[in-house]
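Here is a short report on aromatic rings and their partners. Look over the sequence and the structure before reading on.

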Amino acid sequence: MLAISSLPSSYGIGTFGNAAFRFVDLLADLKQKYWQILPMGPLNVSDCPFQSMSLFAGNPYYIDLDDLVEKGLLRKEEINAYRWGDSNDNIDYSVLYQNRYTVLRSAFERFDCRHAHYITFCDRNKAWLADYSLYMALKYHLDDKPWYEWEEALRDRQEETLAKYREELADSIAFWNFCQYAFYSQWDALKRYANRKGIQIIGDVPFYVAYDSVDVWTHRELFSLDSQGGLVRVAACPPDEFSEEGQIWGNPVYEWSVMEVDGFRWWRDRIKQQAALFDVLKIDHFIGIVKYFSVAAGTEDIREGKWAKGPGKKLTDVIEEAVGDKKIIAENMGTVLPGVNKLIRKMGWPDIKILLFAFDGKADNEYLPHNYTDSNTVLYVGTHDNDTLVGYYRNHTDYELAYMYSYLNIENKEQISNAMIRTAYASVADVVILQMQDILQLGNEARMNRPSTVGINWKWRFTDELLSEERRSWIRTQTALYRR
């Protein structure tokens with residue numbers, strides 16, 4: 001598991017450039033079969049990949065600038081005229097926001113919008129691209145204000161006002177079209193290369209939608225909003241393994257009864273689009289399909305939250321049809337209700353286990369490998385929301401880790417990382433997912449996300465020198481030993 005943003009790059013964040021292709025080569029060399037990434041949508045001010053401004057568009061930060069140089073759209077000195085951050089292992093999102101679009105606009109000004117492939121791309125994707133590019137053009141024109149603070153006629157999408165801005169902002173709209181064309185063209189090349197190398201890509205599909213997003217602006221009726229577009233109820237999560245205090249995410253919850261009227265068309269469209277992007281789709285927060293937790297907008301007290309029934313199998317049947325021949329992983333981590341696992345089994349989708357949750361000292365813990373009853377399982381040693389393995393054992397005493405030592409047949413903390421990976425590989429689970437940070441044996445300085453915190457997450461980057469040949473050899477050996 002490694003986010004695109006975490007790849008090495010000279011320009012402040014990972015991209016679809018040479019480092020991405022080298023990472024595919026690395027996975028092939030290590031005899032791996034899957035590469036799981038985080039959502040790739042354009043980021044809002046939170047920098048969180050699960051709070052994207054569009055569920056259909058791609059993040060322009062991931063466009064490889066060197067590829068644009070090769071195509072004659074940029075000059076190297078133009079790119080190097082800007083600073084891209086002060087660290088090779090951390091992302092400075094404020095610097096990217098200030099400089100990336102300026103450089104991309106320079107490329108756009110040299111781009112011929114009469115290019116046949118570009119025209120075909122815009123036509124094939126007009127169902128979402130036209131609204132997205134208008135939305136982004138408006139955001140920049142209106143000093144990045146959220147759509148619900150725009151003038152009433154624009155907020156409510158009155159056609160006369162939209163037509164006026166389409167004409168006024170035509171150049172800006174074309175720029176955002178170009179960014180998506182560049183994003184998708186480069187992604188397609190990378191994915192084809194990965195597939196040729198025998199690597200399938202697992203895409204993380206967010207369950208909820210950011211409030212300030214083109215998706216909510218264009219489909220207000222599908223979300224829990226009042227007549228002026230204000231939030232009514234927002235998504236939340238009661239206390240669980242990821243957050244002892246619970247979390248209030250702030251996304252508008254869905255109006256499932258409205259969605260059902262047209263057979264969940266909005267969901268069908270987004271799943272089809274995601275299935276075209278990835279080989280495997282991991283549906284985030286799957287529990288929300290069965291039963292979802294929400295609080296009234298504006299409250300900060302998680303105790304005021306309540307559960308409500310989701311669409312259940314009515315929606316999973318739509319997802320199954322829309323995904324075609326691609327595979328589905330339903331994320332049933334965190335708070336899990338009995339109906340969730342029942343529905344997953346009914347759909348025939350794999351179960352998810354997290355090895356890091358296994359060691360509470362109880363031999364019947366469902367996450368312990370000896371309790372797995374089905375090989376149709378995806379086993380995560382840890383996720384982006386957890387401590388790294390090294391970070392986990394640093395935060396625990398030998399007394400607290402005694403059961404883990406006994407179960408893994410080890411004697412000290414330094415042996416935990418390798419023993420956890422071996423135990424996962426030796427399990428009956430059909431698929432095992434490792435974080436790159438755990439392969440590299442890094443501590444929580446490399447952790448991707450700390451739930452319920454802002455401003456410190458999604459920043460870690462991988463540098464080439466971190467993975468020694470000795471470590472590569474060890475991973476290859478374990479992969480071969482357990483036929484992974």
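## What buried means here

A residue counts as buried when its relative accessible area is under 20%. Over 50% it is exposed, and in between it is partly exposed. Keep in mind that this is a predicted model.

Take Phe108. Its relative accessible area is 7%, so Phe108 is buried.

## Aromatic pairs

A pair of aromatic rings is described by the distance of the centres and the angle of the planes. Planes over 60 degrees apart count as edge-to-face. The model holds 53 aromatic pairs.

One of them joins Tyr101 and Tyr140. The ring centres lie 5.8 Å apart and the planes meet at 80°, so this pair is edge-to-face. Tyr101 belongs to helix H4 (residues 93-109), and Tyr140 to helix H6 (residues 126-141). The two are 39 residues apart, so the pair links distant parts of the chain. Tyr101 is buried at 11% relative accessible area, whereas Tyr140 is partly exposed at 33%.

## From helix H4 to helix H9

Phe108 pairs with Phe175. Their ring centres are 5.8 Å apart, with planes at 70°, so this pair is edge-to-face too. Phe108 sits in helix H4, and Phe175 in helix H9 (residues 170-196). Phe175 has 3% relative accessibility, so it counts as buried.

## Charges over rings

Elsewhere, Arg157 lies over the face of Trp217, 4.5 Å from the ring centre.

Notes. Residues are numbered from 1 along each chain as its sequence is written. This is a predicted model: local features need pLDDT of at least 70, side-chain atom pairs count only at pLDDT 80 or more; totals for chains, interfaces and linings use all residues. Side-chain values use heavy atoms; hydrogens and water are left out. Rings of Phe, Tyr and Trp (its six-membered ring) pair if their centres lie within 6.5 Å; planes under 30 degrees apart count as stacked, over 60 as edge-to-face and the rest as tilted. Helices (H or I, at least four residues) and strands (E, at least two) are DSSP runs, numbered from the N terminus. Buried means under 20% relative accessible area, exposed over 50%, partly exposed in between (1.4 Å probe, protein chains only). A charge sits over a ring if NZ of Lys or CZ of Arg is within 6 Å of the ring centre and within 35 degrees of the ring normal.
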